[in-house]
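Please consult the sequence and the structure shown below while reading.

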Amino acid sequence: MPTSTPDSGPTPPPGCPAHTGQGQAPGLPESLYGAEFAENPSAVYARLRAYGPVAPVEISPGVHASLVTSYSTALEVMRNTETFPRDPRRWEALNNGTVPMDSPVVPMMMYRPNPMYTDGEEHDRYRGAVSDTLNQLNPHALRTYVEESADLLIDLFGPEGEAELLSEYCARLPLLVFNQLFGCPPEMSETMVKGMAALLDASEDAVEANAVLIETLLALIALKRREPGADITSWLLAHPARLNDEELVSQLILLLGAGVEPVKNLICNALRLLLSDERFAGDLSGGTMPVDEALDEALWTDPPIANYATHFPVRDVTIAGHRVGKGTPLLISMGAANNDPQLVSDRRGNRAHLAFGAGPHACPAKDPARIIASTAVEKLLDRVPDIELTVDPAQLQWRPGPFHRALAALPVRFPPVAAKYDETGAAATDPTTGDNAWNSSPDPSTTAPSSSTPRGATSTGRGPGSGNGAQRPWWNSLITWWRGR
């Protein structure tokens with residue numbers, strides 16, 4: 001097991017800019033941004049491993065860090081928050097102006113008062129508020145709501161016989177789910193999801209997107225103070241931790257960051273495997289095992305958050321033979337560590353991957369995230385069983401960005417499938433018989449979602465003959481917006 005020690009051991013090659021700010025050793029530091037890294041991160045990780053378990057990288061122009069590529073070293077760092085705390089207020093290059101505040105990676109790495117960026121008692125207070133809030137979610141009702149949301153989306157593209165699944169399904173489904181969980185009007189959730197995507201892309205718009213995201217969440221908090229409901233935002237407002245507005249915004253950003261963009265990419269990455277990898281060939285709709293295995297494989301090989309979990313050492317330290325300066329960002333590469341050549345265990349049924357982190361800062365939302373992703377994939381394969389990619393898997397493009405592993409598009413084709421509900425949200429009818437096209441009996445379990453009150457997936461009240469359009473005043477406008485009318 002690698003160990004960390006005060007700065008007294010091996011040092012990096014002379015001139016390494018991640019540590020001296022002068023010169024550059026050949027091929028170092030590796031860049032974690034741009035099309036080359038997005039196209040083949042495994043090649044970059046291989047070159048970094050040749051340097052050692054920890055290596056210098058550049059995560060944005062002029063922003064240097066160290067990246068942990070070893071599974072065992074990653075665990076050591078994530079479990080040792082006394083030496084490697086998460087609080088970015090220790091980031092010396094940001095504090096002294098070497099890294100400007102308008103750098104596109106700063107919004108994803110800057111201090112926010114939530115459990116991801118704090119330690120000790122401060123971390124415990126925020127972690128308690130988030131965990132207690134998530135514990136109020138009903139997992140069975142959450143699964144039902146994901147299924148209902150998936151049906152809506154499949155109805156929009158199913159009759160066409162083709163779709164771009166990333167934008168038309170994988171991205172929209174978490175938006176619908178979190179619209180419900182946050183008790184959020186749809187116009188706000190659109191802004192929130194776009195803002196979170198810009199932060200993870202580390203795009204040029206990241207700083208502006210961060211400001212818009214905060215403004216939108218403050219408006220949501222004000223709304224929930226006036227009109228509380230059984231939703232995540234209201235539960236956080238009522239929590240005994242008595243979070244102020246800045247703290248509330250930060251908890252919501254954390255939950256968005258964990259529950260929307262990464263879940264979108266997990267759904268998409270798992271579907272890519274199911275549609276392109278011969279190990280998952282066969283009757284994909286014949287059970288849940290292929291879906292579970294595809295999700296596990298995606299979390300091992302292409303975790304949606306590939307490089308993150310930033311730590312800031314309290315002193316100059318040498319870890320696994322690599323010197324990391326005090327207050328210098330030390331990132332964990334979940335993508336590299338999960339695929340460490342030193343790991344020899346059988347991955348089948350093994351969920352010891354680091355996709356959700358480890359130690360005291362492990363993701364508190366991994367169970368809801370798994371429910372959303374698995375239900376989304378299962379529902380799609382159940383409704384659209386004969387689905388196939390329209391391009392060779394090798395032609396699929398990946399989005400640039402230092403933090404995530406995300407496809408740019410996932411185009412598919414399939415025999416057209418009938419809509420389950422019409423545009424008003426009522427159950428669709430067979431044009432030849434006038435019967436419910438999916439079930440001619442008035443069974444309440446076949447009707448669309450009926451409640452207009454956000455219930456944070458605490459219940460799923462439905463009734464026969466009650467359609468989405470009649471029960472949710474925003475339903476028709478949402479469909480019109482998505483169809484570009």
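## Strand β9 and its partners

Leucine 67 has leucine 331 of β9 as its bridge partner. In this predicted model, strand β4 (residues 63-68) and β9 run parallel and are joined by three bridges. Strand β6 (residues 307-311) is also joined to β9 by three bridges, but these two strands run antiparallel. Here, asparagine 307 stands opposite serine 333 of β9.

Strand β9 itself covers residues 330-333. Leu330 and Ile332 point one way from the strand, whereas Leu331 and Ser333 point the other way. All four are buried, whichever way they point.

## Helix α11

Helix α11 spans residues 206-226, 21 residues in all. From its first C-alpha to its last it reaches 30 Å, close to the 30 Å expected at 1.5 Å a residue.

The buried residues of α11 are Ala206, Ala209, Asn210, Leu213, Thr216, Leu217, Leu220, Ile221, Leu223 and Lys224. They lie on the same side of α11 because they cover an arc of only 155° around the axis. On the other side of the helix, Glu208, Glu215 and Arg226 are exposed.

## Leucine 156 in helix α7

Leucine 156 belongs to helix α7, which comprises residues 139-157. Its relative accessible area is 15%, so leucine 156 is classed as buried, the cut-off being under 20%. Tyrosine 169 is 13 residues from leucine 156 in sequence, and their C-alpha atoms are 9.5 Å apart in space.

Technical notes. Residues numbered from 1 in each chain as written. Predicted model: local features only at pLDDT ≥ 70, side-chain atom pairs only at ≥ 80, totals over all residues. Heavy atoms only, no water. Buried < 20%, exposed > 50% of the residue type's maximum accessible area, 1.4 Å probe, protein only. Expected span 1.5 Å × (residues − 1). Arc of directions from axis to C-beta. Pairing = 2+ DSSP bridges.
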